[in-house]
Amino acid sequence: MWISVVILILLFQVQRFGTHKVGYSFAPILSLWFLSIAMIGIYNFAKHDPGVIRAVNPLYIVQYFRRNKKEAWISLGGIFLCLTGSEALFADLGHFNILSIQLSSCVVVFPSIILAYFGQAAYLRKHTEDVASTFYSSIPKPVYWPMFVVAVLAAIIASQAMISATYAIVKQSVALGCFPHVKVVHTSQKHEGQIYIPEVNTLLMLACVGVTLGFKTTLQLGNAYGIAVAFVFTITSTFLVIVMVMIWKTNILLVILYVLTIGLAEYVFLSSVLYKFVDGGYVPLVFAAVMVTIMFVWNYGYRKKYEYEFENKVSREALVTIMSNTNIPRVPAVALFYTELVHGISPIFTQYVANVPALHSVLVFVSIKSLPISKVPLEERFVFRQGEPKESGIYRCVVRYGYRDAKMERQFFEQILIDQLKDFIRNNMPHAAEERGEASDHGIAMVNEEKVRREIGLVDEAINIGGIMYLMGQSEVIASRSSGLAKRFVINCLYNWLKRNVRQQEEVFNIPHKRLLKVGITYEI
């Protein structure tokens, strides 16, 4: 147990360095692992009892259930552990193509595991007393220690795959607004999928070590793992049926056939593993409940805050009044005003104007949005729109990311944003001369060219003199007095606690404090 704890701690501590330096060794080690268990399986099958091949006859499982009844149903929970890992087939689609998954599963993984289990069954026919440690007991003595090392390495790599998958899921959940802000560190310049999330890494390490010390044996760990995998199977099948009916428009007879075969088998396995709920099976459900609570509270508070900003956004008339006020001087600089709103101006802006008696010469209201697609091409990432009143140096910019896109470095982000802002001014500036009804084509061209030069000159002057400043809201969200007790608890306690303990926006975007101005505001929702 303590060796396992040490290995776990070391495994999580090296995550910050990334897996790209040792990742090349993963495939050879796992290939050696599958080849080894297959060869040992063939050896035991031939040496001890080749007659176990008769187990492929489905008649034996029928007789097994007739003899053992309830005990046979309970044993399905243990049998189900033979299937663990296959639930990752669908999850792997986010990282590998279909053909590579089909080849690795059907040519390497499945045959090796089947041969290993046939070999262990043949070994147990002659050594029933070794049932508690069949795998290691069935290894031939000359290759025991080499196989032990390969098994430990394979287990570490499998754990690494689980950790990397957790990072990827959390990153995508953050992008979709379903998880609090966390720091995402890219550990490889070549492979964008290799990331490290410090907060998640620490919590995952504490959870793994705690479970290991709490359970002490693999029996209860197996019960917990079985329930987790069984739920993955059944939830995946449930969603698959929904996709078959609503999206693929599959023939209803095929849908019913799927439900009555694969779906029914999975739910039977689930019912069996739930029998071990009190013997460690409750752990994954407790973890799931905690994670769902965090995600629900964060998403609920995030949506309520957005709705408040949308309902109290600055009107066009109020914005024109502010920008036309000659008592508010314009300071040469580009200000990036971060806001969640895509349409309209956040009420934080009026709070800023009321407290700071000056405006920057170029104001860009930036909204960073994640789309429900994996990637957004760089040339389509920035979408600009001119703000009102025209020729006042106000622009709207929506920065669009896919849920698998890496956030751009700040310097690169600033350069691309300014370059594309200038391109927008050149290509999309309204025809002022046409609006005034001038008939001369030459006159229209001259007026437009002059207007473009003036606007681009304003941007260049702002960059050269004042540079780029960042404006953000420091919002406090509280439930209104008319809110119920449940809403007050969720918003005032849970959401605000999460908000205080996660990384703030300026940390996520790596904005230097000397170029940041935060405006405080209270949202009563």
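Q: Is strand S6 (residues 394-402) mostly buried or exposed?
A: Buried: 8 of its 9 residues are, so S6 is largely enclosed by the rest of the structure. Buried means under 20% relative accessible area, exposed over 50%, partly exposed in between (1.4 Å probe, protein chains only). Strands (E, at least two residues) are DSSP runs numbered from the N terminus.

Q: What kind of model is this, and how are residues numbered?
A: A predicted model: local features need pLDDT of at least 70, side-chain atom pairs count only at pLDDT 80 or more, and totals for chains, interfaces and linings use all residues. Residues are numbered from 1 along each chain as its sequence is written, and side-chain values use heavy atoms, leaving out hydrogens and water.

Q: Back to S6, how many bridges does it share with S4?
A: 9, in the parallel sense, and Ser367 has Val398 in S6 as its bridge partner. Two strands pair if DSSP finds at least two bridges between them.

Q: And S5, parallel or antiparallel to S6?
A: Antiparallel, with 5 bridges between S5 (residues 382-386) and S6. There, Arg385 is partnered with Arg396 of S6.

Q: Which strands does S3 run parallel to?
A: S3 (residues 330-338) joins S4 (residues 359-371) by 7 bridges, and S7 (residues 468-478) by 4. Leu336 bridges to Val364 in S4, while Phe337 bridges to Leu471 in S7.

Q: New topic: how many disulfides are there?
A: The whole-structure search finds 0, a disulfide being a pair of cysteine sulfur atoms within 2.5 Å.

Q: Is Cys397 buried or exposed?
A: Buried, at 1% relative accessible area. Cys208 counts as partly exposed, at 26%.
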